[in-house]
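Work through the exercises below with the structure open beside the text, and try each task before reading its solution.

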Amino acid sequence: MIKKILAIAHGTLTEFIRNRIFMFLIIFGLAIGVTSSLLPAISPEDKTKLIFRAAFSMTGLFSALLIIYFIATSIHRDIEEKTIYMVFSRPASRFMYISGKAIGFFSIAFIMVFALSGVTLGYLMVVYGRDMQDSRIYKPVKYIKGHGPIITGEIANLELASAGVGLIGDGSSAIWIFRGLHRIPFKEDKVQISLKMGGINVNSNAGTAFVGVDILDKDDKQLQPTQYAYVGSWNPDTCVAVDRSIVVQNKELKVKVFPSGKNFYIAPMKNDTAFLLRDHCSFFGNYFRASGFLFFLVSLLSVITLSSSAFFGQKMALTLSFFAYITGHTLPYLKSFGSLIGMKSIAEMQSFMPGHGHLHQAETYSKLPAYLIEGLHITVIKKFIIGFSSIFPDFKRFDPAEYFLHGAYIDNIILLQTVAYMLFYGSIFLAFAWLCFWKRELVSR
Amino acid sequence: MAAQKHVVEINNLTKVYRQLFSSREVKAVDNLSFYIRRGEVCGFLGPNGAGKTTTIMLLLGFLKPTSGTISVLGQKPSHVGVKERIGFLPEESYFYKFFNADEILDYYGSLFNMEPKVKRQRINELIEMVGLKEARRRRIREYSKGMQRRIGIAQALINDPEFIILDEPTSGLDPIGTQEVKDLIIYLRRSGKTILMSSHLLADVQGVCDRIILLHQGRLIVEGPTREILSKKGCIRFEVQDDGENTQKQIRNFAEQNGIKITSMGEATITLEEFFVKSIKNVGNNNIQ
């Protein structure tokens, strides 16, 4: 059976390669080139990070569009052009056909994602080669996750930050505390501490600023000179180096972060994290691990398209698959939207959506037409939206930028968790595809 | 057992196509019953829309009968295992056109779990048999209709099947190709294969089929041995050597004297197809000389 499934998979892959869809790579390369030259002009974020962020988004989008189109047309063509007769007139079951097709589509997803990632990397290597080669990726030591932050000093603009911890301005600071550091067997001379913050509010046109970071012991004694780290309002994370000797000699360390100027505020959130990182792998290794996330996403999307193609015609399958792609990426918003339906005041909405950044969102939702705010039917719509967004796969889980751009190593556990998530949903959609195809008559008049 | 004697047994088969969300129904096959004996070549005839293709689709398990039963090689047509013993040439070339001849045969061979060595040998034999040796590396989308038909025949035989379904096997072929296919069918019958041959070209069917099944509007109209069905009751046909004008006169006189009624008499002709094949073969032989 395996041989037959692999033969069908091989046929699917050959079809993809011979259809010259790879010409798409050239368009993609050009798109990356244009983006990389335009984006730095419109955003203050670090240029390389910005381009990688755009490249990941574009790789995901291009791969998704391409795979959806290819699968929907491939299955449709098999049925309409009756090539499927030549498979089912052989000792190949419908289960084998769907399984073989799925494996073929996974192979295509693999080739496509890594080819597009390769094109991106190749382009960026030519433009920013040396900087990237020198980069190192740091692995988070997960069991020493800093708790906090604890805010000291003046807290500004409380009304804006009612759902967060508070905005800290000049003269105030946020402190993260690390405990049990002496248990970690560090080999490197330097240890990196990465701080993820809710946001930076810069009250100037520059949009960028520096934060000061102090490393203190449990008695608040400063252990090394203050380091200043560059942050941008779009990228409020920072990473500072700490001497190994400081880490191994102290059971507890405090990391104090404060704005280095008067014109901006840091907005730490309750769920902000700080990671202790250690030197782990090369930039390239982590880059391709990040691309793996996209591969899992495109694979899941290919199974979704396969199941819709097994049941519907080409146009309907294309529509549903694009709908799934958009829904999967906007699921958290959809869930919020569902929860907000029926709420009658901004205050009620804000209490549901913590964080000052959601104020605008809450205001937008509050302007929804009356029929979405009131009425008995709202309960049904609300429950449907919340229910749907709870069971549909969340594509944000496959966002590689989340890890990669923060310089964090994507370890095997994270990869395995993502694979498990993909396999869980993939199996459900694949089972649906088998079921649809099992019952489907292959001849129509 | 009947299943051993008959390769195909169809009893009271009916297939009705229904459209989703519509009350419209089309009865493609209507209470059809027939059988195909092991080792015979059975011609499956009928005008367009007679239900031939639907019956073939039912035989291959692509469709489920609305009512009635089908047995193919003693099994239900949907049984995957039974396909191991069936070869199928569809009406048109439903192949992946991005493959070349070698690859398509390899692909279909893999679906039979053939050993790579056996498969390779079989592919070489079949490509040679259908005369595509020179074109074996060309993509199928570049093939002419006749070449596509040839590769279709090759793929139908890749598993050395017991029962072969040929849907319009000679369509798109030139007379020489047609003759070769007919010769091949005769050869396959001699090798013990059972063949169901559907065709619009009645001369092709007549030349090779042992038995004929004629459908119209989904119903069985006529079924029986070809010779029996086509024989003109009460008539005898014989050919004599023509030695000039006297021959006809002598035969007429002999008939009159003995009370034999001649219904037609004239110059013996060959079919245009026979003439074409003979002429092309002669040109070929002269060129070789």
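Two strands count as paired if DSSP finds at least two bridges between them. Bear in mind throughout that this is a predicted model.

**Exercise 1. Find the sense in which S8(B) and S9(B) pair, and describe the turn that links them.**

Solution. Begin with the strands themselves: S8 of chain B covers residues 211–216 and S9 of chain B covers residues 219–225. The two pair in the antiparallel sense over 6 bridges, which is to be set against the cut-off of at least two. Next, locate a bridge beside the turn, where B:His216 has B:Arg219 of S9(B) as its partner. Finally, look at the hairpin's turn, which has 2 residues between the strands, and where B:Gln217 takes a positive phi near 50°.

**Exercise 2. Determine whether helix H2 of chain B is mostly covered or mostly open, and name its buried residues.**

Solution. Take the helix as residues 52–59 of chain B, and recall that a residue is buried if 20 or more other C-beta atoms lie within 10 Å of its own. By this test 7 of the 8 residues of H2(B) are buried, so that the helix is mostly covered. The buried residues are B:Lys52, B:Thr54, B:Thr55, B:Ile56, B:Met57, B:Leu58 and B:Leu59. Just after the helix, B:Gly61 takes a positive phi of about 80°. For the chain as a whole, 36% of the 289 residues of chain B count as buried.

**Exercise 3. Work out how H7(A) and H8(A) are oriented to one another, and which residues bring them into contact.**

Solution. First consider the axes of H7 (residues 283–311) and H8 (residues 314–329) of chain A, which come within 9 Å and cross at roughly 150°. Because angles over 145 degrees count as roughly antiparallel, H7(A) is roughly antiparallel to H8(A). The crossing in which H7(A) passes H8(A) is right-handed. H7(A) brings A:Leu301, A:Ile304, A:Thr305, A:Ser308 and A:Ser309 to the contact, while H8(A) brings A:Ala317, A:Leu320, A:Ser321, A:Ala324 and A:Tyr325. Sorted by class, the contact has 6 nonpolar, 4 polar and no charged residues.

**Exercise 4. Describe the side of chain A that touches chain B.**

Solution. Start from the contact, which takes 23 residues from chain A and 24 residues from chain B. On chain A, helix H1 (2–18) and helix H4 (83–88) each supply at least two residues of the touching side, and its largest share, 7 residues, comes from H1(A). By class, the residues of this side divide into 9 nonpolar, 5 polar and 9 charged.

Terms used. Residues are numbered from 1 along each chain as its sequence is written. Chains are lettered from A and ligands numbered from 1 in the order in which they are written. This is a predicted model: local features need pLDDT of at least 70, side-chain atom pairs count only at pLDDT 80 or more; totals for chains, interfaces and linings use all residues. A residue is buried if 20 or more other C-beta atoms lie within 10 Å of its own, exposed if 12 or fewer, and partly exposed in between; C-beta atoms are placed from the backbone. Helices (H or I, at least four residues) and strands (E, at least two) are DSSP runs, numbered from the N terminus. Two residues are in contact if their C-beta atoms, placed from the backbone, lie within 7 Å. Ala, Val, Leu, Ile, Met, Phe, Trp, Tyr, Cys and Pro count as nonpolar, Asp, Glu, Lys and Arg as charged, and the others, Gly among them, as polar. Axes are lines fitted to C-alpha atoms, for helices over the stretch in contact, and angles run from 0 to 180 degrees between N-to-C directions. Angles under 35 degrees count as roughly parallel, over 145 as roughly antiparallel, 65 to 115 as roughly perpendicular and the rest as oblique. A crossing is left-handed if the near helix is turned anticlockwise from the far one by less than a right angle, and right-handed if clockwise.
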